[in-house]
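Work through the exercises below with the model open. Each task is followed by a solution in steps.

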Amino acid sequence: IVTSKHNRYYIKERYGISAKKIEIVHNYINIDKFSPLNIKKFNDRIIYVGRLSEEKNLFALIDAIKKTDFELDIYGKGELKQELEEYIKKIGAKVNLKGVVPNDQLPEIYNRYEFYILSSFFEGMPKTLLEAMACGCICIGTDVEGINEVIEDGISGLLAKGTEVESIAEVLKRAMRLNEEESKKMAQEARRKIEEEFSLESCVLREKDIFLPLRN
C-alpha cells in the first residue's frame, strides 16, 4: 500500500512488482477541522505553508512574485530561512516570512487567503496542499509528481507548466484573471475532491475494500 500513483510507479519499476499488487491509499486530513469559513479573504496576497528547503523552489517563487501584483506570506521553517531573508531584502520583493504557527491555527489562516501556492520541484503527497484545498483556497502548483496528482489544471486548481520563474509568474497571472464565478467553482471542486479522496472516511473505506477480500 502506497500513498500516491508515482510511489506505485517507483515500486513497480524499482522492484519489478506488478502494479496490480500495489494499492493506493492517500494521506488523509481532518475535513471537519480544515473547512471553509465565512471570513473576509485577502485577494491580493497568497500563502505558502511548508519547509524552507531546496526542493520547495522558493527562490524562483519569490522572483515570480516580483513580476506580479501579489504579496506572498510564507509560513514554515527550515535551513534556508536566513538566505531567503537576505534574498527578499536584496530584490525588494513583497514577501513576508511569518514563521511557524500551531497546527490548530492553520484552518483559520488558510481561510484568510483566496490563493495558496506550492512551487516545488517534486512532492510526495503534500498535506498542506490538501489542507488548503479543503479550506476552499484556489490552489496553484507546479506540474510535478505529487502535485499534479491532486490538482487538475483549470478544474480543482491551477498548474504552472514548469518550475522556472516565468512559468510560475504566468500561472500567478492566470490566477489573478479568474472572475468570481470561476474562483467559486474551482474552490468548490477542490473541496469536493478532498472530501471524496482525502478524508479519513474515504481512506478507511478504501482500506476496507483492500483488506476484506484477504479474509478468504
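The model is predicted, so local features need pLDDT of at least 70 and side-chain atom pairs count only at pLDDT 80 or more, while totals for chains, interfaces and linings use all residues. Residues are numbered from 1 along each chain as its sequence is written, and side-chain values use heavy atoms, with hydrogens and water left out.

**Exercise 1.** Describe the packing of H2 and H3.

Step 1. Two packed helices are described by the angle between their axes and the distance between the axes. Axes are lines fitted to C-alpha atoms, for helices over the stretch in contact, and angles run from 0 to 180 degrees between N-to-C directions. Helices (H or I, at least four residues) and strands (E, at least two) are DSSP runs, numbered from the N terminus.

Step 2. For H2 (residues 58-66) and H3 (residues 81-91), the angle is about 20 degrees and the axes are 11 Å apart. H2 is therefore roughly parallel to H3 (angles under 35 degrees count as roughly parallel, over 145 as roughly antiparallel, 65 to 115 as roughly perpendicular and the rest as oblique).

Step 3. List the contact (heavy atoms within 4.5 Å). H2 contributes Leu58, Phe59, Ile62, Asp63 and Lys66, and H3 contributes Glu83, Leu84, Tyr87, Ile88 and Ile91.

**Exercise 2.** Classify the ring pair Phe59 and Tyr87.

Step 1. The structure holds five aromatic pairs. Rings of Phe, Tyr and Trp (its six-membered ring) pair if their centres lie within 6.5 Å; planes under 30 degrees apart count as stacked, over 60 as edge-to-face and the rest as tilted.

Step 2. The ring centres of Phe59 and Tyr87 are 5.4 Å apart and the planes stand at 75 degrees, so this pair is edge-to-face.

Step 3. Because Phe59 belongs to helix H2 and Tyr87 to helix H3, the pair ties together parts that are 28 residues apart in sequence.

Step 4. Phe59 is partly exposed at a relative accessible area of 23%, and Tyr87 is partly exposed at 22% (buried means under 20%, exposed over 50%, partly exposed in between, with a 1.4 Å probe and protein chains only).

**Exercise 3.** Where are Asn57 and Gly78?

Step 1. Asn57 sits in the loop between strand E1 (42-49) and H2. Its relative accessibility of 6% makes Asn57 buried.

Step 2. Most residues other than glycine have a negative phi. Asn57 is not a glycine, yet has a positive phi of about 60 degrees.

Step 3. Gly78 is in the loop between strand E2 (71-75) and H3, and is partly exposed at 29%.
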